[in-house]
Amino acid sequence: MLRRALSTLGWTAAGVAALGVANTYRFQITTHRAPLPGLTRPVRIAHLSDLHYGVFMRRRSVRRWVQATRQARPDVIVVTGDFLDSGVGRRRHGKLLAELAHLHAPLGVYAVWGNHDWTSLNTNATRQDFAEQLAGVGVRLINNAGVQVRDDLFVAGVDDWWFGQQDLAAALGEHAGGAVVLLAHNPDYLSQVPAWVGLTLSGHTHGGQVRLPLFGPLKRRSTLLNVLRGWVRGDRIVQSPAEGTPAPTPNGQALGFVSRGLGVTGVPLRWDCPAELVLLDLHEPT
């Protein structure tokens with residue numbers, strides 16, 4: 001009897017693990033509508049994060065993400081860091097670049113570094129080299145820089161919160177008017193963002209990656225804000241990730257959105273936390 005129970009338990013655990021691995025390579029397209037102060041006409045932003053190209057996430061996955069992004073016909077595409085998993089290095093991402101070359105949007109493709117990009121590209125020279133390679137396939141790195149992509153929309157970015165040096169003044173220095181969307185890999189940086197920056201997009205947390213009953217997420221929440229996914233303010237979660245529109249943001253509290261990301265790190269598992277490609281349909285406040 002005991003032997004049969006243990007056998008059943010073992011097969012159940014194996015089945016759960018197999019499903020968790022399969023979930024690693026599935027992703028959802030989540031669409032959110034929200035007003036963005038400063039806009040005079042709608043804009044669609046495709047938000048990719050945490051690709052973690054390397055041991056677990058390979059070319060086929062990147063190709064599917066890129067194809068889904070193109071089919072969504074966004075006006076702008078952004079990548080909020082962690083292109084590479086730790087240990088990938090400078091000479092092992094040619095296939096990633098070949099797939100990213102297919103990303104196109106009328107207002108451009110922009111990105112910032114994440115912490116794993118810093119640990120994989122562990123010298124200034126290798127980071128600069130990869131930034132130039134990204135530029136060569138049409139992905140513009142905007143660490144501590146910004147671009148007026150439209151008369152009513154400015155896209156800016158800051159370097160990674162853990163390893164980089166953030167210069168928000170430099171990132172926003174060329175702002176000539178309209179709405180501001182800021183890219184910052186780690187959502188904890190939202191605590192440093194003034195409320196007049198309309199929206200900050202982040203990743204890093206993977207939404208928890210593996211969320212177990214009773215135990216909760218295995219991947220830790222952000223350190224300062226204690227958030228994992230969805231709409232957040234500079235102090236706390238403001239809306240369930242399943243709901244499409246954030247609650248109103250009080251004065252003095254910056255608004256952000258945290259993606260569950262597309263890739264994985266550590267273990268090739270996702271459970272109760274699907275990967276996501278985020279589409280943000282932003283419009284003029286009424």
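**Exercise 1. With the side chain of which residue does the side chain of H204 make a polar contact of 3.2 Å?**

Before the solution, note that this is a predicted model, in which local features need pLDDT of at least 70 and side-chain atom pairs count only at pLDDT 80 or more, while totals for chains, interfaces and linings use all residues. Residues are numbered from 1 along each chain as its sequence is written, and side-chain values use heavy atoms, with hydrogens and water left out.

*Solution.* Begin by locating H204, which lies in the loop between β9 (199–202) and β10 (211–212); helices (H or I, at least four residues) and strands (E, at least two) are DSSP runs, numbered from the N terminus. Next, look for polar contacts, that is, pairs of N or O atoms within 3.5 Å, where within protein one must be able to donate a hydrogen and the other to accept it, and residues adjacent in sequence count only if both atoms are side-chain atoms. The partner at 3.2 Å is the side chain of H185, and the side chain of N115 is joined to that of H204 by a polar contact of 3.1 Å. Finally, H204 counts as buried because its relative accessibility is 9%, where buried means under 20% relative accessible area, exposed over 50%, and partly exposed in between (1.4 Å probe, protein chains only).

**Exercise 2. Determine on which side of α2 its buried residues lie, and what they pack against.**

*Solution.* First check the helix itself: at 1.5 Å a residue, the 13 residues of α2 should span 18 Å, and its end C-alpha atoms are 18 Å apart, which agrees; the expected span is 1.5 Å times one less than the number of residues. Then list the buried residues of α2, which are S61, V62, W65, V66, A68 and T69. They cover an arc of only 165 degrees around the axis, so they sit on the same side of α2, the arc being that of the directions from the helix axis to the C-beta atoms. These residues pack against β1 (27–35), β2, β3, α3 and β14, whereas the face turned away from the buried side carries the exposed residues R60 and Q71. After the helix comes R73, whose phi is positive, near 55 degrees.

**Exercise 3. Describe the largest nonpolar core and the contacts of L100.**

*Solution.* A nonpolar core is a set of buried Ala, Val, Leu, Ile, Met, Phe, Trp, Tyr and Cys residues joined through side-chain atoms within 4.5 Å. The largest one has 36 residues, and those with the most contacts inside it are F83, L96, L100 and F130. Among the elements that give two or more residues to this core are β2 (43–48), α2 (59–71), α5 (124–136) and β14 (275–283), and α2 gives the most, with four residues. Turning to L100, and leaving aside its neighbours within four places in sequence, one finds it in contact (heavy atoms within 4.5 Å) with L51, V62, V66, F83, L134 and V137.

**Exercise 4. Are D82 and D272 buried or exposed?**

*Solution.* D82 is found in the loop between β3 and α3, and its phi is near 55 degrees, a positive value in a residue other than glycine. D82 is buried, because its relative accessible area is 1%. D272, in the loop between β13 (255–258) and β14, has a positive phi near 55 degrees, but D272 is exposed, with a relative accessible area of 54%.
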